[in-house]
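Thanks for coming, everyone. Let me put the model on the screen and walk you through a few parts of it.

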Amino acid sequence: MKHLFLIFFISFISAVFSQDENLEERITHFHADIILRNDCMLDVTETIDVFALNQEIKHGIYRVIPTDYLIKGNVYPTDLEIVSITFDGKPCHYQKTKVNYTYNIQIGNKNDWVNPGNHRYKIRYRVKHVLQDYEQLDELVWNVNGNDWELNIDRISSIVHLPKGIDVHQNSAYFGKYGSTNQIETTIVKDQFGRLHVLASTNEIYNRYEGITIAIGLKKGTLNYPSFFQNLLFWMRLNAILIICILALLFVWGYNFRNWWKYGKDPKPGTIVPQYQAPEGLCAAEIAYLETNGDDDVNFFTAHLVSIATKGWMNIELIKKENSSTYVFTPTEKEGKPLHQLEERSFHFLFRKTDRIVLKENLFNGTLYAVKNQLYHDIEKLHGEKYHVWNDFLYTKQYNPILVATALVFTVKFLYGGNLYYWGFYLLIAVLTNVFFSYFYDKPTKEGRAILDHIAGLKLYMKYADSKRLQLDKQPTMNLHHFEENLPFAIALGMAPLWAIRFDETALIPDTFSDNYWYKGSHLRFNFASIGAMGSIISSASSPPTSSSSSGGYGGGGFSGGGGFSGGGFGGGGGGGW
């Protein structure tokens with residue numbers, strides 16, 4: 001019954017009001033009472049009288065008050081505190097949110113409706129850092145109501161109360177839309193205590209987006225501006241997100257450097273001595289694995305297969321047709337030289353179901369892919385951390401400082417606001433820093449360092465094997481046996497072309513024409529451009545197509561003034577009904 005009566009009453013009032021064209025929902029009077037304190041703080045009380053019809057003002061009104069201002073190209077931040085808000089003289093529900101550079105204050109409750117008629121809202125707040133300190137005067141420029149109201153305003157007035165002993169050097173007021181230079185008269189009144197009060201008021205009716213701005217120039221040196229320390233604390237709170245991000249970024253660098261120094265610093269290399277043989281007990285695939293820190297290198301698998309062939313267990317035949325090349329792998333009829341355990345496992349895996357592996361350009365071969373995958377994981381299992389320490393636990397610990405900094409940033413954002421662009425920039429640099437250091441967390445063990453020194457010596461030998469620059473005791477004979485013995489390692493280390501030119505090709509060719517020779521082709525057998533071509537085909541054949549998915553992964557180490565127009569200065573904002 002009560003609800004029916006309320007609906008009837010609202011409908012009746014609306015019908016009566018609609019008979020008068022001048023009757024509309026609006027602000028009947030906006031008055032700002034502004035107290036300037038000696039410490040430069042403003043105590044502002046806004047009295048907003050409204051006439052509501054439940055058109056726009058249904059549950060209440062909202063007020064938007066800026067906290068940062070762009071004045072003559074500079075951004076000036078303020079410190080704003082809501083003291084109290086009342087509706088018809090009683091405390092009321094309101095919700096304030098900090099959105100970018102404004103306080104959005106929503107007054108009222110979504111479950112309650114404002115009764116049609118006249119009502120009064122009072123908003124009291126304090127604000128700091130709104131006076132401009134110039135050489136000849138101190139200046140207060142205050143936008144009384146703001147130029148962004150969604151409601152018409154019948155009357156706007158303001159009064160600024162100055163501290164005792166403060167003289168007005170000059171004053172003026174402006175009204176209209178933003179940028180208007182229409183002036184209104186101001187009145188200065190002196191009370192019994194000697195304090196000055198500056199009044200600004202007109203009987204103009206203000207449309208939406210119109211307002212009053214008052215500018216007061218004060219005698220220089222009569223106010224107590226915040227101390228350096230107070231300004232510093234304010235700046236720190238204002239820029240808390242920036243400060244957190246800078247400190248956090250420094251911490252990320254320091255944290256990563258400390259972890260690298262403690263866990264990832266490589267042992268000091270030894271003296272590099274030319275070596276004409278590979279490290280004992282290691283096959284070509286292991287040499288490629290150690291030399292590339294476990295990366296899936298194009299030479300890794302090619303060297304492995306060539307090693308099996310040079311030991312007499314497999315033939316490799318090149319068949320050229322027009323612009324295409326095909327490689328055919330077949331097992332030999334008899335056993336060859338002893339294979340490394342990894343080579344033996346791969347050999348049996350290759351030919352367990354077939355006696356012919358055909359590799360064509362840009363054509364995936366599932367058998368080769370499976371053998372390559374198994375080889376890689378066999379090396380990982382066989383080596384463990386004998387030659388290389390991966391320090392995998394550091395990769396997740398790297399991101400703990402980022403998580404802590406992110407939590408602090410969003411806590412500060414919730415409490416004080418701030419610019420999250422700083423956090424975004426910090427996040428980018430911090431992640432890149434982690435990625436950069438991750439490449440240095442892995443390190444060789446002392447034994448692994450010795451192997452790497454031996455590999456460096458072997459590369460040195462392959463580069464200068466037939467040169468007088470290289471003097472070795474017991475210089476090996478540069479014959480076919482020595483060439484083939486080191487060929488897989490030369491391929492593994494990317495040194496095959498250099499290794500090939502160290503030999504007299506014409507002296508080696510006769511020994512390669514045997515029917516039992518491991519390599520057969522329709523061209524000069526030691527044209528070593530063909531080795532690069534074979535490596536490319538093997539890499540393509542043993543890598544899954546990009547359109548397919550694979551569960552196999554490969555590890556490894558990753559803001560003067562103001563005044564002069566309506567809307568200038570501090571204060572302002574706007575609002576409307578909701």
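One term before we start: buried means under 20% relative accessible area, exposed means over 50%, and partly exposed is in between, with a 1.4 Å probe and protein chains only. This is a predicted model, so local features need pLDDT of at least 70, side-chain atom pairs count only at pLDDT 80 or more, and totals for chains, interfaces and linings use all residues. Residues are numbered from 1 along each chain as its sequence is written, and side-chain values use heavy atoms, with hydrogens and water left out.

Start with Pro274. Its relative accessible area is 19%, so Pro274 counts as buried. Pro274 sits in the loop between α3 and α4 (284–291). Helices here are DSSP runs of H or I with at least four residues, strands are runs of E with at least two, and both are numbered from the N terminus.

Next, Asp453, in helix α11 (residues 446–464). Asp453 is buried because its relative accessibility is 12%. It touches Pro269, Gly270 and Ile272, leaving aside residues up to four places away in sequence. Contact means heavy atoms within 4.5 Å.

Now helix α3, residues 240–264. It has 25 residues and spans 34 Å from first C-alpha to last, close to the 36 Å expected. That expectation is 1.5 Å times one less than the number of residues. Its buried residues include Ile241, Ile244, Cys245, Ala248, Leu249 and Val252. An α-helix has 3.6 residues a turn, so residues three or four places apart point the same way.

On to helix α2, residues 228–238, which holds Leu233. Leu233 is partly exposed, because its relative accessible area is 44%.

Last, the sheet. Five strands form an open, mixed sheet in the order β8-β9-β3-β27-β13. β8 (94–99) and β13 (148–149) are the edges: each has a single partner strand, so one side of each lacks a neighbour in the sheet. Two strands pair if DSSP finds at least two bridges between them.

What about β3, residues 60–66? β3 pairs antiparallel with β27 (residues 574–577) over 4 bridges. There, Val64 stands opposite Gly574. β3 also runs antiparallel to β9 (residues 102–108), joined by 7 bridges. Ile65 has Tyr103 as its bridge partner in β9. And β3 is mostly covered, with 5 of its 7 residues buried.
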